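Okay, thanks everyone, I'll keep this short.

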Amino acid sequence: MKKLSARRRHPLAALVVLLLALACTGGLYAVFAPADKAQADETAQSLTIEEGKKLYTVGCASCHGTGGQGTSDGPSLVGVGAAAVDFQVATGRMPAATSQGAQVPRKKNIYSQAEIDQLAAYIASLGAGPAVPTEEQYGPEGADAAKGGELFRNNCAQCHNFTGKGGALTHGKYAPSLEGVTPKHIYEAMLTGPQNMPSFPDSTLSEQNKKDIIAYLDAVNGEDTESPGGLSLGGLGPVSEGLFAWVFGLGALIAVAVWVAARTAKAKKS
Amino acid sequence: MSTTTSTDSRARGKAPAGERVADWADGRLGIYSLAKANMRKIFPDHWSFMLGEICLYSFIIIILTGVYLTLFFHPSMNEVEYHGSYVPLQGQLMSEAYKSTLDISFDVRGGLLIRQIHHWAALVFLAGMFVHMMRVFFTGAFRKPREINWLFGFLLFVLGMFTGFTGYSLPDDLLSGTGIRFMEGAILSVPIVGTYISFFLFGGEFPGDDFVARFFSIHVLLLPGIMLGLVVAHLILVFYHKHTQFAGPGKTNKNVVGMPLLPVYMAKAGGFFFLVFGVLAAVSAIATINPIWSIGPYRPDMVSTGAQPDWYMGFSEGLIRVMPGWEINFWGHTLVLGVFIPLLIFPLVLVAIAVYPFIESWVTGDKREHHILDRPRNAPTRTAFGVAWITLYFVLLVGGGNDIWATHFHLSINAITWFVRVAFFVAPVVAFIVTKRICLGLQRRDKEKVLHGRESGIIKRLPHGEFIEVHEPLSQEQLYTLTAHEQPKPLELGPEVDENGVRRKVKAGEKLRVKLSKGFYGEESQIPKPTVEEYKEITSGHGHH
């Protein structure tokens with residue numbers, strides 16, 4: 001006890017107490033929080049919508065209007081469906097900055113998945129639209145990556161490049177790189193057609209087709225994708241290859257030439 | 001000659017094996033005198049003289065690896081279903097050419113490495129030729145008697161471009177297929193005969209099922225055959241003309257100062273070959289090139305963004321990308337100027353640099369032989385022209401990669417396209433003026449150095465308080481090197497009237513020539529180099545700088 005009292009005026013004492021207090025509160029919250037959710041099960045749907053509306057009023061209404069009807073700053077959200085909300089908010093595109101460039105970029109998402117679900121439920125309640133896909137729809141089971149590759153080259157590569165590295169569109173717009181985009185969000189993007197992308201509803205590109213495309217992207221542009229030939233140089237094709245050949249190929253050879261030329265048989269100086 | 005040696009050697013017992021082999025060969029080939037004359041040939045030493053070697057060795061490497069690839073490549077467009085080891089293409093329909101390229105990449109031992117060496121070496125070969133050509137250009141090494149060798153080199157570069165293009169098209173992947181389609185479009189834009197040429201080349205409607213086999217013959221037989229011949233001729237002429245050298249003490253227009261071919265350059269060149277091979281193999285082991293498996297097989301209904309040709313064709317891509325889509329319709333025919341004009345400018349860009357030596361010799365009227373190289377600063381107009389040409393070339397490369405520039409520098413592709421359209425006309429002019437000014441500035445600096453010596457960085461305080469920087473006089477060698485260049489006078493038009501007072505007729509061409517000559521050698525284009533009198537006057541006035 002004496003030891004403890006001796007240290008109570010230590011400069012770090014306050015910090016230790018604060019950390020302890022935080023750990024206690026956090027622990028208690030973790031214990032009690034699931035119970036709350038279980039109790040709310042019955043009225044979950046209406047409550048979620050209610051919560052979603054609150055989030056909407058804070059984060060979205062200034063551009064999309066108080067009832068999702070749209071303003072001059074943002075389009076109407078009636079009928080865009082939960083899939084669009086999940087995609088736009090979870091990839092950080094929405095809420096967008098007030099002064100955007102040519103295109104709303106992907107950025108850090110500031111909402112939790114629960115909040116996004118609430119927002120999505122609210123927007124879905126405004127009018128029928130595509131729902132958030134389930135894991136079964138975008139998962140790898142029963143997918144044909146080769147078929148997906150063919151579909152990708154036929155429908156997507158024009159803008160997103162052979163393996164989804166992205167590409168330029170007009171006036172500073174662009175098709176973003178698909179690297180590190182989750183299968184769910186790729187599925188939703190195909191379904192809803194965000195920004196400049198055309199939408200590919202199930203009537204155009206069946207569920208199976210979408211699954212195939214996602215499997216292909218995972219095979220050629222996923223985390224475990226190997227590049228058998230070495231560094232992929234961004235997968236951008238001849239421009240980056242040409243740059244590499246000039247800088248590292250010819251550059252190294254000229255350096256070697258300088259080296260060889262500097263080492264020569266010198267006539268003996270008398 | 002061989003008989004006398006054999007009698008002598010019999011008298012002294014058996015000659016060593018090497019001598020006997022040489023003797024045997026000489027008796028049948030008669031190469032003794034040829035070898036004697038050439039084995040001790042002198043070559044000057046400078047790293048920039050080895051750029052051509054880089055090209056030669058990468059060309060040899062391309063041939064060696066290319067032979068290996070032909071063992072496994074099937075130049076056929078028959079459709080097959082893929083069941084090889086690359087999973088994301090399983091069960092896809094593709095041409096045999098594409099499938100065999102996949103097999104080379106995944107199932108042939110060392111195939112992928114050899115493929116990558118072949119392709120990287122091709123890019124480096126072309127880049128090396130470009131730099132080699134620029135070295136020759138900026139040092140004026142193309143002057144008499146080397147104009148024909150300059151043209152041989154230029155032809156090698158152009159043939160290299162097309163050999164590269166045909167080779168790049170062989171795997172029949174989506175990227176190269178797009179390039180072929182691009183070429184077909186350019187051919188179709190030619191009035192009247194375009195369609196016929198296209199049908200002739202592709203054996204009917206594009207893509208048909210002939211072009212891979214045809215491009216294969218062109219790529220492995222026709223073009224490399226011509227190139228090999230040109231390379232040999234190029235080298236023979238280098239031997240015949242002897243190598244040029246930079247000005248310096250002891251170096252004249254009539255001698256070559258350097259090391260003998262045997263043994264010094266044999267060792268150096270032989271070693272350098274392996275160094276080049278090593279660097280290219282290392283590059284190919286580190287970085288992938290043209291990963292056709294992720295690009296996919298060609299189908300005319302598919303295309304990808306970011307579809308560019310290899311760098312050496314990039315400027316033609318740029319020409320087409322930035323050209324406004326003009327077209328003229330008349331009597332049911334369409335003249336696609338948006339494609340046809342770039343097709344016409346494409347050879348002009350190349351020819352501009354190729355004909356320059358002839359224009360220069362016509363303007364300057366200089367018909368003498370030159371074996372001493374110019375320093376680029378001492379030929380400001382030529383240097384400025386070369387830089388302007390490179391600028392134009394680079395501007396077009398930017399146009400060819402406008403989408404990559406847009407995505408990586410967060411720019412609008414439209415803004416880049418407009419920039420290139422303007423820069424195509426403006427940038428070379430600006431580059432010309434700026435380069436010329438820089439050259440003149442450097443000439444002034446040389447003059448200053450000769451007259452006042454090198455700035456030593458030592459500040460000295462004189463007894464009366466003045467601070468001066470001590471200038472170290474240059475050595476006699478340095479003085480010679482800095483003042484060895486010639487400064488010709490511009491041509492004069494001559495008297496306007498002849499001896500009888502009659503107005504002399506002057507051809508328009510002659511007037512132009514005199515004007516251009518002023519541009520080359522006029523007061524605006526060279527700083528008079530220091531004279532001996534100037535030098536003596538300044539160096540005799542002690543401490544009076």
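One definition before anything else: I call a residue buried if 20 or more other C-beta atoms lie within 10 Å of its own, with C-beta atoms placed from the backbone. And please keep in mind that this is a predicted model.

So, chain B. With that cut-off, buried residues make up 39% of its 545 residues. The chain has 21 helices and 10 strands, and its C-alpha trace spans about 90 × 85 × 65 Å along the principal axes. If you take the contacts in chain B with a separation of 6 or more, 72% of them come from residues 24 or more positions apart.

Next, the interface. How many residues of chain B are in contact with chain A? It's 60, and they meet 53 residues of chain A. Several helices of chain B supply at least two residues each to that side, among them α4 (51-70), α6 (111-138) and α18 (413-452). The largest share, 10 residues, comes from α11(B). By class, the side of chain B that touches chain A has 37 nonpolar, 18 polar and 5 charged residues.

Now look at helix α13 of chain B, residues 314-322. Here 9 of 9 residues are buried, and that includes Glu317(B) and Arg321(B) along with Phe315(B), Leu319(B) and Ile320(B). What covers them? On the chain A side there's α12 (238-262), and from chain B the cover includes α14 (337-354), α16 (380-400), α17 and α18.

On to the cores. The largest nonpolar core has 101 residues, and Ala120(A) and Ile123(A) touch the most other members. The element that gives the most to this core is α16(B), with 10 residues. Beyond its neighbours within four places in sequence, Ile123(A) is in contact with Gly68(A), Leu77(A), Val80(A), Ala82(A) and Val85(A). Apart from that core lies another one of 58 residues, including Phe244(A), Ile54(B), Ala122(B) and Leu123(B).

Let me zoom in on one helix pair in chain B, α4 and α10 (residues 211-241). Their axes are 12 Å apart and the packing angle is about 155 degrees. Angles over 145 count as roughly antiparallel, so α4(B) is roughly antiparallel to α10(B). The crossing of α4(B) and α10(B) is left-handed. From α4(B) you have Leu56(B), Phe59(B), Ile63(B), Gly66(B) and Thr70(B), meeting Val220(B), Pro224(B) and Val231(B) of α10(B). That contact divides into 6 nonpolar residues, 2 polar and no charged.

Most residues other than glycine have a negative phi, and most peptide bonds are trans. In chain A, the bond from Met94(A) to Pro95(A) is cis, with omega near -5 degrees, and Pro95(A) is in the loop between α5 (81-90) and α6 (113-126). In chain B, a cis bond joins Lys144(B) and Pro145(B), with omega about 10 degrees; Pro145(B) sits in the loop between α6 and α7 (147-169).

Then the positive phi values. His171(A) has a phi of about 50 degrees, in the loop between β1 (167-168) and β2 (174-175) of chain A. For Asp172(B), phi is near 60 degrees, and Asp172(B) is in the loop between α7 and α8 of chain B. Are these two buried or exposed? His171(A) is partly exposed, with 13 other C-beta atoms within 10 Å, whereas Asp172(B) has 26 and is buried.

Conventions
Residues are numbered from 1 along each chain as its sequence is written. Chains are lettered from A and ligands numbered from 1 in the order in which they are written. This is a predicted model: local features need pLDDT of at least 70, side-chain atom pairs count only at pLDDT 80 or more; totals for chains, interfaces and linings use all residues. Two residues are in contact if their C-beta atoms, placed from the backbone, lie within 7 Å. Helices (H or I, at least four residues) and strands (E, at least two) are DSSP runs, numbered from the N terminus. Ala, Val, Leu, Ile, Met, Phe, Trp, Tyr, Cys and Pro count as nonpolar, Asp, Glu, Lys and Arg as charged, and the others, Gly among them, as polar. A residue is buried if 20 or more other C-beta atoms lie within 10 Å of its own, exposed if 12 or fewer, and partly exposed in between; C-beta atoms are placed from the backbone. A nonpolar core is a set of buried Ala, Val, Leu, Ile, Met, Phe, Trp, Tyr and Cys residues joined through C-beta atoms within 7 Å. Axes are lines fitted to C-alpha atoms, for helices over the stretch in contact, and angles run from 0 to 180 degrees between N-to-C directions. Angles under 35 degrees count as roughly parallel, over 145 as roughly antiparallel, 65 to 115 as roughly perpendicular and the rest as oblique. A crossing is left-handed if the near helix is turned anticlockwise from the far one by less than a right angle, and right-handed if clockwise.
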